[in-house]
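Here are a few exercises to work through with the model open beside you. Try each task before you read its solution.

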Amino acid sequence: MMSTETISAISTATGEAGIGIVRMSGEKSVEIANSMFKPISKKSLTDSENRKLLYGHIYDGDKLIDEVLIAKMMAPSTYTREDVVEIYCHGGIISVRKILNMTLDRGARIAEPGEFTKRAFLNGRLDLTQAEAVIDLIKSKSEISYDVSIRQLEGSLSGKIEEIREKVMSMTALIVANIDFPEDEIVEATYSSLNSDAKDVIKSLDELIENSNRGKLLRDGINTVILGKPNVGKSSLLNGLLRDERAIVTDIPGTTRDVITDYVNLEGILLKITDTAGIRNTEDKVEKIGVDLAKKSIEDSDLVIAIFDGSRPFDINDEEIINLIKNKKSIILMNKSDLSRVVSEKDIRELLGDREYLDISVVGQGEILKIEEQIKNMFFDGEIRENSEVYVNNLRHVRALKRARESMDEVKLDIDNEVFLDLLEVNLEDVLSSLGEITGQTTTEDVLDKVFSEFCIGK
Ligand SMILES: Nc1nc2c(ncn2[C@@H]2O[C@H](COP(=O)(O)OP(=O)(O)OP(=O)(O)O)[C@@H](O)[C@H]2O)c(=O)[nH]1
Ligand SMILES: [Mg+2]
């Protein structure tokens, strides 16, 4: 179902900039642009060569709007596979907006978020994983998430999914052949060969599902929460990791009252790090809200850095903190190691049980590096760059993979029970359909709308 409406949008970010780009896609793009563009050369935009950059001016009637370059790209060799025109005008807010409005007045409609890429997908230029990689690429905040997106854009994930689909399709073919020509001497669909194929498919699905947790961390960053009672050095740690005075640090307990979130790039790995209010029982209304927010932020975290202060006796708040992180991946710091320690090893064991901890002074030179090292080891075995594995970093993909895995489990069970071959076929169809959702072969309109609504305008 191809839409023939011509769409238009500003493709560059708003704000002061050297250049701003208005992009159109659709049948009327050239006609619309032609009606507002006066080239310096004799040839009009319509008559000019394909893919040649033209210099000239945009006029609204006889009013000069801007001095521009314009590119006409004719279907099908374009991003959307439709006729595309890009107008490169001066950046800033007014000029690009005027030019956009002129295209709308002349018959284009404003593009929805991601609509250019959606057309590229609908016209077969990209599959859905590649379209999703485009938005991941634009949004990536670390080199590694960028690397993952670039590989996905190249088709690494689609390739992997296609391999699995082919295996499933060959199982189906074998079954169909045996149902249709039961007495022929074609390959016999023995249950044992189906069984080994099913095992292969399950193994490949499991690998992708297992990797998805890493993939998500690579894309969104490791969601890290710093937790501790007041005055233990949480904000000092945040500032240390950011190499910046981001949060207020004072010797007054209860300094931080809000959650403060920022991003740290750990040699390409992204940490989304949150400093919180010190956990304690308090009557102060504002501080209490802060403490509640701190506790809540633990829920969605991938990692908690729990800080204790070894220069003061432990108290009931420290116990609460240990309780809060019971089921969480955590790094435990015994801070202020530069001061004399008042807690004994026995106190520490009573509090921590057999958990490991790091003796540290977060205000000390080089100490932050120890923590960074530990985080890298915990999540990526300290090593990730050379890894060219395929990462599934998208929740939609993970869900579809899990559905495929469930249907495959049923297939396996049916094979073990040697059920009639045509019953197997039904579940295999489900596996194919779930895998097809990932690449977009069997995706519903609703899902497509949702995927593309996450895009920015103009892409
Ligand atoms: N000597 C020493 N002082 C530290 C260390 N870490 C933090 N401090 C000091 O401890 C005090 C509290 O530090 P913060 O970072 O504000 O502590 P916090 O945990 O954020 O405190 P709240 O926001 O009140 O919960 C400040 O005076 C810091 O300079 C350390 O390793 N050694
Ligand atoms: Mg603080």
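**Exercise 1: the largest pocket**

Task: sort the lining of the largest pocket by residue class, then find where the pocket sits.

Solution. Start with the classes: the lining has nine nonpolar, seven polar and 15 charged residues. Here Ala, Val, Leu, Ile, Met, Phe, Trp, Tyr, Cys and Pro count as nonpolar, Asp, Glu, Lys and Arg as charged, and the others, Gly among them, as polar.

Before going on, a word on conventions. This is a predicted model, in which local features need pLDDT of at least 70 and side-chain atom pairs pLDDT 80 or more, while totals for chains, interfaces and linings use all residues. Residues are numbered from 1 along each chain as its sequence is written, chains are lettered from A and ligands numbered from 1 in written order, and side-chain values use heavy atoms without hydrogens or water.

Next, the volume: the largest pocket holds about 790 Å³ of space. Of its 31 lining residues, Arg219, Asp220, Asn393, Leu395 and Glu454 are the closest to the centre. (A pocket is an open set of points on a 1 Å grid over the protein atoms alone, where a 1.4 Å probe fits, with protein on both sides within 12 Å along at least five of seven lines; lining residues have an atom within 4 Å of a point. Points are joined across faces, edges and corners, and the volume is the space filled by probe spheres set on them.)

Then look at the elements: helix H7 (191-220) gives the largest share, five residues. (Helices, H or I of at least four residues, and strands, E of at least two, are DSSP runs numbered from the N terminus.)

Finally, the location: domain 2 (134-216 + 394-453) and domain 3 (228-380) both contribute lining residues, so the largest pocket lies between them. These bounds come from an automatic or database domain assignment.

**Exercise 2: the magnesium ion**

Task: which residues coordinate the magnesium ion (ligand 2)?

Solution. Ser235 (OG) and Thr256 (OG1) do, at 2.0 to 2.1 Å. Donors are N, O and S atoms within 2.8 Å of the metal (3.2 Å for Na, K and Ca), and with water not among the atoms, sites may look incomplete. Now place the pair: serine 235 is in helix H8 (residues 234-242), and threonine 256, 21 residues apart from it, is in the loop between H8 and strand E9 (260-266).

Are the two buried or exposed? Both serine 235 and threonine 256 are buried (under 20% relative accessible area, with exposed over 50% and partly exposed in between; 1.4 Å probe, protein chains only).

**Exercise 3: the second largest pocket**

Task: which element gives the largest share of its lining?

Solution. H8 does, with three residues. The second largest pocket has about 330 Å³ of space, and Asn231, Val232, Gly233, Ser236 and Thr250 lie nearest its centre.
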